[in-house]
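Please read the points below with the structure open beside you.

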Amino acid sequence: MSEVYRVKPFEKAVDIDVRVPGSKSMTNRALLLAALAEGESVLRGAGMSEDSRVFMEALRTLGFDLDELSDTDGDISIRICGCGGLLPVKKADVYVGSAGTAARFLTAMMGLSDGCYEVTSSDQMKARPMRELLEALEQLGASFSFHEEPYAFPFTVYGRRHTENTGKPLPDEIPLNIDRSSQFLSALLLCGPMVPEGFTIRLTGSREARSYVVITEHMMRQFGYPEANNDSPEQQSHASVQLNQYTIIPSAVYRSRDYRIEPDVSAACYFYAMAAVSGGSARVRGVNRKNTQGDMRFLDVLEQMGCEVTEEKDGDILVSRDPNRPLHGLTVNMSDFSDQTMTLAAVAPFADSPTVITGVSHIRGQESNRILAIVTELTRLGIRCEEREDGVEIRPGTDSSGETLIETYQDHRMAMAFAVLGTGRPGVVIDNPGCCRKTFEQFFTVLDALKSP
């Protein structure tokens, strides 16, 4: 792919019918669950992205047997042999790239093991939050030797059952703050059965947005984690009635299985947003009301802005807007589906009134400082906007004055969201479109195909 991508605006209302990869979030969770299970699992419809490939290569480095299989329908499946909560290789150099899920989930896995591992990452991942998870793992008995900055990559991790750490007592309760990332909690929940004694996590922060944690819990149960049995003190639910406390059931195990991964709703939302911007309709195959991903809430936002959200006969969701009906601005708290902040920021200039996005202060610490990136690039396009403490306000207006190069900050969501904006007004040029490899390798190829006769 070239170093820049010139977005060609749609000349009329769209009729989009596409497929998107499997969910990156679910693919990486399924990889970890299958690795921790006993026996062979097959993960169907996997999302093959840079993040998932980094995750798979790290698992191979740790000794797991896995490979890719091509399905007859064109989907990719992953076959993986789990080892029942044990890591086959006890000493290795593991690279986690820029993948937040790989970095956090695999670190938790290694931290609760009996091995010793050198863990390195990309420069981008070095700057992303890790401290809260590492401190929790230390309380669970792991230890770390940091090679550069404290509580950041690169480091050496000694698992809680490594000879370096034997004899450390296990506390009854582990405090954890997830204000900067709910992945800290998901990592401990997913890897919790590696601690056969069980333990309790008590959340100490203020963040209530946990849609990805709900996905984690649901997938744990699908891989055999015991359902709640509130009559038995030995088998309490890992999510207690108190929303700030999660208890890992002692001696819980995962079971291998044949597992179907949902299409990536985060990716689907870019195409729904294109229909909102240009008018017409967008359908993404396999996305339906049964999908469990938190970004499904973006459909409600588009509906409030003036789009229609309906179900086709086969259950697929269709998002449409009559080009003669305006889009309306709104105020929305996106804390629980914050990956769509940039997508809404790309739609908002086409509305007839301001849009205010709140509840997303934590996205400053993701692949880029996403709030600053949104404001900087919208301003570059001549769109009036204002950074707020926990979000951004965007005012209507999409007047064009020639080509504008959009910086993507090596952030895949910036590239895809501003491509959405470019389908509604001329002159948008995306720098470094290849950063989409992180989650959606073929995004711009799919976008090009929409413009074909």
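1. Helix α11 lies across strands β19 and β20 (391–394), and runs at about 165° to β19. Keep in mind that this is a predicted model.

2. The sheet under discussion is open and has 4 strands, in the order β17-β18-β20-β19, with mixed pairing. At its edges stand β17 (331–333) and β19 (385–388); each has a single partner strand, so one side of each is left without a neighbour in the sheet. From one strand to the next, the twist averages 10°.

3. β17 pairs with β18 (residues 355–358) in the parallel sense, over 3 bridges. Thr331 stands opposite Val356 in β18.

4. Now the helix pair. Two packed helices are described by the angle between their axes and the distance between the axes. For α11 (residues 370–380) and α12 (residues 412–422), the angle is about 35° and the axes are 11 Å apart. The crossing of these two helices is right-handed.

5. Which residues in α11 and α12 meet? From α11 come Arg370, Ala373, Ile374, Glu377 and Leu378, and from α12 come His412, Arg413, Met414, Phe418 and Leu421. The residues of this contact divide into 6 nonpolar, 1 polar and 3 charged.

6. The largest pocket has a volume of about 600 Å³. Its lining has 23 residues, and Val20, Pro21, Gly22, Gly45 and Asp75 lie nearest the centre. By class, the lining of this pocket has 8 nonpolar, 7 polar and 8 charged residues.

7. How many cavities of 30 Å³ or more does a search of the whole structure find? The search finds 2. The largest cavity holds about 490 Å³ of space. It is lined by 38 residues, with Ser25, Gln183, Tyr212, Asp339 and Gln366 nearest its centre. The elements giving two or more residues to this lining are α1 (24–36), α3 (100–111), α6 (183–191), α7 (211–222) and α12. The lining residues of the largest cavity divide into 4 nonpolar, 18 polar and 16 charged.

8. The second largest cavity has a volume of about 30 Å³. Asp264, Ser266, Ala267, Tyr270, Arg413, Met416, Thr439 and Phe440 line this cavity. By class, the lining of the second largest cavity has 4 nonpolar, 2 polar and 2 charged residues.

Definitions and conventions: Residues numbered from 1 in each chain as written. Predicted model: local features only at pLDDT ≥ 70, side-chain atom pairs only at ≥ 80, totals over all residues. Heavy atoms only, no water. Axes fitted to C-alpha atoms, helices over the stretch in contact; angles between N-to-C directions. Left-handed = near helix turned anticlockwise from the far one by under 90°. Contact = heavy atoms within 4.5 Å. Nonpolar A, V, L, I, M, F, W, Y, C, P; charged D, E, K, R; others polar. Pairing = 2+ DSSP bridges. 1 Å grid on protein atoms, 1.4 Å probe; cavity = no way out; pocket = protein on both sides within 12 Å on 5 of 7 lines; lining within 4 Å. Points joined across faces, edges and corners; volume = space filled by probe spheres on them.
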